[in-house]
Amino acid sequence: MTAFFSRRKLTAWCLALAACAAPLAHAQTPVFDGPLTLVVGYTAGGSTDRIARLVAERLGPRLGVAVTVENRPGEGGRLAAKEIKRAPAGQNVLMLGNPAVMVVAPLVFKDLGYDPDKDFVPVSQVSSYDFALAVGNKLQLDRAMFLVGRLWAHPEEAVFGVPATGSLPHFFGLMVGDALSVQPQIKGYGGSAPLSADLTGGNLPIAIDTLDSLYAQHVAGKIRILAVSGKKRVSFAPAIPTFREAGMKIDADGWNTFFAPAAMPPAKVQQLAIAIRDVMQDPALQKAANAAYITPVVSTQAETAQMLKSFRQQWEPVVRRSGFQP
């Protein structure tokens with residue numbers, strides 16, 4: 001009897017110990033194998049850089065290593081891609097890429113220097129952004145339908161300013177033209193800052209850019225955003241209707257997604273994908289992103305891959321049909 005009860009007590013004790021240890025083991029964060037660098041192909045301060053730094057701030061504690069953001073501007077983000085593709089398997093580096101680098105550039109550059117499909121592996125999407133149609137105050141328009149009526153009556157006035165020719169706002173402007181049955185003239189600028197300056201200064205009547213680039217001027221009353229390109233209204237700008245609500249059957253968005261060099265071991269890529277997804281669920285990060293006019297996205301590696309596939313199917317015909325050559 002003594003042996004029986006002793007064995008039973010020992011079994012119960014072991015089960016209790018295992019039950020206590022299980023939550024601890026589950027909660028413990030696996031330690032990454034070294035410092036991690038997040039590369040942004042643009043100068044500091046832009047929306048791509050801002051979301052990278054929000055992620056880095058929380059990803060370091062999650063992985064148990066130092067995570068830094070490194071800006072490598074040049075060639076519209078393509079320089080960073082050419083450098084990162086050569087990273088050896090043991091180097092812990094991710095690139096925060098966008099459609100201009102990973103979708104548009106391969107369609108318009110003959111000697112790009114990298115292949116998005118062969119040289120990179122998608123890890124996790126972290127943000128999305130809408131495009132916005134804005135007018136200067138000289139037009140005195142507060143609804144998209146009024147602009148539509150004006151352009152139908154005067155199609156020669158369909159001059160759309162965009163931050164750069166060959167940018168996603170350029171091609172979205174062509175989509176808007178198709179939806180309105182007008183042939184817009186695309187006027188490229190050397191970035192969002194000079195575009196905004198001409199729009200607020202009255203030298204440009206109509207502009208298409210990313211929402212985050214135009215929103216501060218809209219809030220200040222210096223311009224008027226008439227529509228945004230998403231399927232639903234943006235949380236930080238709920239008063240602005242979508243293009244579909246304005247009667248135009250188009251929607252589109254852009255994104256920022258982390259990519260790993262193809263040489264990185266799959267197990268490490270998966271670990272990073274899970275960690276980044278967990279970080280993006282942080283309410284504090286989401287609040288900070290919205291405050292910076294950024295829409296955060298929580299995505300698995302598989303969901304990210306599917307998003308990229310769908311995005312390419314939507315935009316490749318638009319880019320090719322434009323005949324754009326840099």
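**Cavities, cores and aromatic pairs**

The largest cavity is lined by Ser47, Ile51, Ser127, Ser128, Tyr129, Asp212, Asn256, Tyr293 and Ile294. A cavity is a set of points on a 1 Å grid over the protein atoms alone where a 1.4 Å probe fits but cannot get out, and lining residues have an atom within 4 Å of a point. The model is predicted: local features need pLDDT of at least 70, side-chain atom pairs count only at pLDDT 80 or more, and totals for chains, interfaces and linings use all residues. Residues are numbered from 1 along each chain as its sequence is written, and side-chain values use heavy atoms, without hydrogens and water. Strand 4 gives the most to this lining, with 3 residues (strands are DSSP runs of E, at least two residues; helices are runs of H or I, at least four; both are numbered from the N terminus).

The largest nonpolar core has 56 residues. Such a core is a set of buried Ala, Val, Leu, Ile, Met, Phe, Trp, Tyr and Cys residues joined through side-chain atoms within 4.5 Å; buried means under 20% relative accessible area with a 1.4 Å probe, protein chains only. Leu147, Phe172, Val176 and Trp315 have the most contacts inside this core. A second, separate core holds 32 residues, including Val40 and Leu94.

The whole structure has 13 aromatic pairs (rings of Phe, Tyr and Trp, its six-membered ring, with centres within 6.5 Å; planes under 30 degrees apart are stacked, over 60 edge-to-face, the rest tilted). Phe172 and Phe243 pair edge-to-face, at 5.2 Å and 80°. Phe172 lies in helix 7 and Phe243 in the loop between strand 9 and strand 10, so the pair ties together parts 71 residues apart in sequence. Both residues are buried.

Methods:
1 Å grid on protein atoms, 1.4 Å probe; cavity = no way out; pocket = protein on both sides within 12 Å on 5 of 7 lines; lining within 4 Å. Buried < 20%, exposed > 50% of the residue type's maximum accessible area, 1.4 Å probe, protein only.
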